[in-house]
Amino acid sequence: GECSDFKEQFMRCLRESGYESSACRQRAMAYLECRMQRQVLPRPGGERGQLMANEPLEKLGFKDLIEEKSEAKPEKS
């Protein structure tokens with residue numbers, strides 16, 4: 001699938017961390033972002049859909065990671 005690489009990175013992280021999901025949150029967020037961005041083929045008589053409905057990452061529990069990412073970006077002058 002289109003997001004297989006993201007999924008495999010996430011699953012590898014889980015295995016390597018002894019299934020400690022908090023150690024793999026960055027990879028989980030990247031995988032979910034991929035799924036929300038990718039479109040799937042239309043159903044018969046329907047519109048194109050997405051692998052996953054778009055949801056704000058904050059609502060999915062990644063607010064702290066988003067804030068860290070924005071703090072790490074240098075400000076433009």
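Predicted model: local features only at pLDDT ≥ 70, side-chain atom pairs only at ≥ 80, totals over all residues.
Is arginine 15 buried, partly exposed or exposed? With a relative accessible area of 42%, arginine 15 is partly exposed. The mean pLDDT of the protein chain is 84, and 81% of its residues reach 70 or more. Among its elements, α1 has the highest mean pLDDT, 96, while strand β2, residues 49-50, has the lowest, 70.

Let me stay with arginine 15. Its side chain meets that of glutamate 8 in a salt bridge, 2.8 Å from N to O, and glutamate 8 is likewise partly exposed, at 35% relative accessibility. The whole structure contains four salt bridges. Another of them joins arginine 38 and glutamate 2, at 3.4 Å from N to O. That pair links distant parts of the chain, 36 residues apart: arginine 38 lies in the loop between α2 and β1, and glutamate 2 in the segment before α1. Glutamate 2 is exposed, at 51% relative accessibility, whereas arginine 38 is partly exposed, at 25%. Lysine 59 also forms a salt bridge, with glutamate 55, and their closest N and O atoms are 3.3 Å apart.

The largest nonpolar core has 11 residues, including Phe10, Cys13, Cys24, Leu32 and Phe62. Helices α1, α2 and α3 each supply at least two residues of this core, and α2 gives the most, with four. Beyond its neighbours within four places in sequence, cysteine 13 is in contact with Ala23, Cys24 and Arg27.

Finally, the annotation. An unreviewed UniProt entry places the feature "domain: CHCH" at residues 3-37. Over that stretch the chain is 74% helix and 0% strand, and the end C-alpha atoms are 10 Å apart.

How values were computed: Residues numbered from 1 in each chain as written. Heavy atoms only, no water. Core = buried A, V, L, I, M, F, W, Y, C linked by side-chain atoms within 4.5 Å. Buried < 20%, exposed > 50% of the residue type's maximum accessible area, 1.4 Å probe, protein only. Contact = heavy atoms within 4.5 Å. pLDDT = per-residue confidence, 0-100. UniProt positions renumbered as here; feature names shortened; annotations may be inferred.
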